[in-house]
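User: Hi! I'm new to this one and would like a friendly walk through it. Could you show it to me before we start?

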Amino acid sequence: MPWMAVRAAALIVAAFAAGAPAGAQVWRASWTASPAPSLQAGPGVPPEFVSPVIANQTIVQVIRLSAGGDAVRLRLSNEFGAAPLHIGRVTVRLLDAAGAKTVGEPRVVTANGNADFTVAPGSPLVSDAIAIRVPARAQLSVAIYVADEKVACTCHADGQAYTLLSPPGDYTTRAFTPASRSPARPFLTAVEVQGPPGRVIAALGDSITDGYMSTPGADRRWPDFFAARLHGTADLASAAVVNVGISGNRVLAPDPVAIFGVPALARLDRDVFAMTGVTDLIVLEGINDIGSAPETPAAALIAAYQQITARAHAHGIKVHLATIPPFEGADYYSEAGEATRQAVNAWIRNNPGDGPVIDFDAVIRDPLRPKRMRTDLQSGDWLHPNDAGYQAMADAIAIDMFRK
């Protein structure tokens, strides 16, 4: 698509978001968790990587929305399932500001008018609208009763929060003592809200965007901090930030570990373009390509970023590229990989996309040892930031570009 046509498409999207008729109500993604295949127990598989197998159980997940609205709907996924997924019942509950107590009665979720429904193999399913008013940054408890026996889940492997699994049976409307818990997020891949138009900023990345090594259950990934920052800014308070990071993910090639998902180039349509209302895309990904395959040429990653940008522009989505943070001291560090990282970052600084560069490298690196993260901002593995590091990343993003 010619550049002027791309800009025209972007302007149409922006005009709609900023200038829709007063009182207009639209659907927008407010929370996401990108799905991947499950990984079963086996020789050499760390227990924490094993995906849960659901057997006539209820699974309860707590999620924090970014934007609020007057109604919500869920996106459930059986995209990596080989057989139909039988959902016996789903309920949602709003939690109080502390996330400790439920507010009101559970709302039963339906699909095509049915509370008991099936998700086809290889497919997602979008629920009917649920009439529940949710404030921005609200927490929802979602209970899903899977009536099937021994279902290998379509999961987001590392939710940085714990999913509770019940004893056998439907506990969607009653309390239970968990039979087990898992860091994975099974089947639930998005929550949309209905309300006034506004920006939806998708964060595409790997474990650094997924928030690995942040405090579990505390919503301290950099997209969480960024969403809170926007919510505290009057003219951007309605913006949504959705996290489409997958730990272990690569840009160019699939990782041998299934739960790390298909590469960014392959999942872009599902995880970004299919999410409702996306207006902006922040891209921070490439360190796993560099670390796992140091021979990866910088030119290959640069070509991938150019493809991501072209495909996003075709959907009227603005693109914002972020530099890759330092990784000296990480298990897969190499001087060859560092040279590639430096070359990629140099290109990004000169080709940042539709706004100023998001220079995460400059924010996180140690000024005395620039190949490494600052000690006070890294989690201990020299690859992932800690909570303070994720906060620093969110604070470094120039928010003026989301006003245009």
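User: Okay, which residues does arginine 221 touch, not counting residues up to four places away in sequence?
Analyst: Happy to start there, and please keep in mind that this is a predicted model. Arginine 221 touches Gly159, Gln160, Thr209, Asp210, Gly211, Ser214, Asn243 and Tyr390, leaving aside residues up to four places away in sequence.

User: Where does arginine 221 sit?
Analyst: You'll find arginine 221 in the loop between α2 (207-210) and α3.

User: And is arginine 221 buried or exposed?
Analyst: Arginine 221 counts as buried, because its relative accessibility is 9% and the cut-off for buried is under 20%.

User: How far is arginine 221 from proline 385?
Analyst: Along the chain they are 164 residues apart, while their C-alpha atoms are separated by 9.3 Å.

User: Let's move on to helices. At what angle do α3 and α9 pack?
Analyst: Helix α3 (residues 222-231) packs with helix α9 (residues 387-395) at about 50 degrees, and their axes are 8 Å apart. That angle makes α3 oblique to α9. The crossing of α3 past α9 is right-handed.

User: Which residues make that contact?
Analyst: From α3 come Trp222, Phe225, Phe226 and Arg229, and from α9 come Asp387, Tyr390, Gln391, Met393, Ala394 and Asp395. In the contact of α3 with α9, six residues are nonpolar, one is polar and three are charged.

User: How do α4 and α6 pack?
Analyst: Helix α4 (residues 264-273) and helix α6 (residues 298-314) pack at an angle of about 30 degrees, with 11 Å between their axes. Their crossing is right-handed. On the α4 side the contact uses Leu265, Leu268, Asp269 and Phe273, and on the α6 side Ala304, Gln307, Ile308, Arg311 and Ala312. By type, the residues of the contact of α4 with α6 are six nonpolar, one polar and two charged.

User: Why is α4 described as largely enclosed by the rest of the structure?
Analyst: Seven of the ten residues of α4 are buried, so the helix is largely enclosed by the rest of the structure. Those buried residues are Ala264, Arg267, Leu268, Arg270, Asp271, Val272 and Phe273.

User: What do the buried residues of α4 pack against?
Analyst: They pack against the strands β16 (200-205), β17 (240-245) and β18 (280-284), and against helix α6.

User: I noticed Arg270 and Asp271 in that list of buried residues. What do arginine 270 and aspartate 271 form?
Analyst: The two form a salt bridge, with their closest N and O atoms 2.5 Å apart. As for burial, aspartate 271 has a relative accessible area of 3%, and arginine 270 is also buried, at 16%.

User: Why would side chains like that pair up?
Analyst: Side chains of opposite charge can pair when their charged atoms come close.

User: How many salt bridges are found in the whole structure?
Analyst: A search of the whole structure finds 24 salt bridges. One of them brings together the side chains of aspartate 361 and arginine 349, at 2.8 Å from N to O. This pair links distant parts of the chain, with aspartate 361 in helix α8 (residues 360-364) and arginine 349 in helix α7 (residues 335-350), twelve residues apart.

User: Are those two buried or partly exposed?
Analyst: Aspartate 361 counts as buried, at 1% relative accessibility, whereas arginine 349 counts as partly exposed, at 30%.

User: Last topic: where is valine 142, and what does it touch?
Analyst: Valine 142 lies in strand β9 (residues 139-146) and is buried, with a relative accessible area of 0%. Not counting residues up to four places away in sequence, valine 142 touches Ile59, Val60, Gln61, Leu74, Val90, Thr91, Val92 and Leu188.

User: How far is valine 142 from aspartate 158?
Analyst: Valine 142 and aspartate 158 are 16 residues apart in sequence and 17 Å apart in space, C-alpha to C-alpha.

Technical notes: Residues are numbered from 1 along each chain as its sequence is written. This is a predicted model: local features need pLDDT of at least 70, side-chain atom pairs count only at pLDDT 80 or more; totals for chains, interfaces and linings use all residues. Side-chain values use heavy atoms; hydrogens and water are left out. A salt bridge is a side-chain nitrogen of Lys or Arg within 4 Å of a carboxyl oxygen of Asp or Glu. Buried means under 20% relative accessible area, exposed over 50%, partly exposed in between (1.4 Å probe, protein chains only). Helices (H or I, at least four residues) and strands (E, at least two) are DSSP runs, numbered from the N terminus. Axes are lines fitted to C-alpha atoms, for helices over the stretch in contact, and angles run from 0 to 180 degrees between N-to-C directions. Angles under 35 degrees count as roughly parallel, over 145 as roughly antiparallel, 65 to 115 as roughly perpendicular and the rest as oblique. A crossing is left-handed if the near helix is turned anticlockwise from the far one by less than a right angle, and right-handed if clockwise. Contact means heavy atoms within 4.5 Å. Ala, Val, Leu, Ile, Met, Phe, Trp, Tyr, Cys and Pro count as nonpolar, Asp, Glu, Lys and Arg as charged, and the others, Gly among them, as polar.
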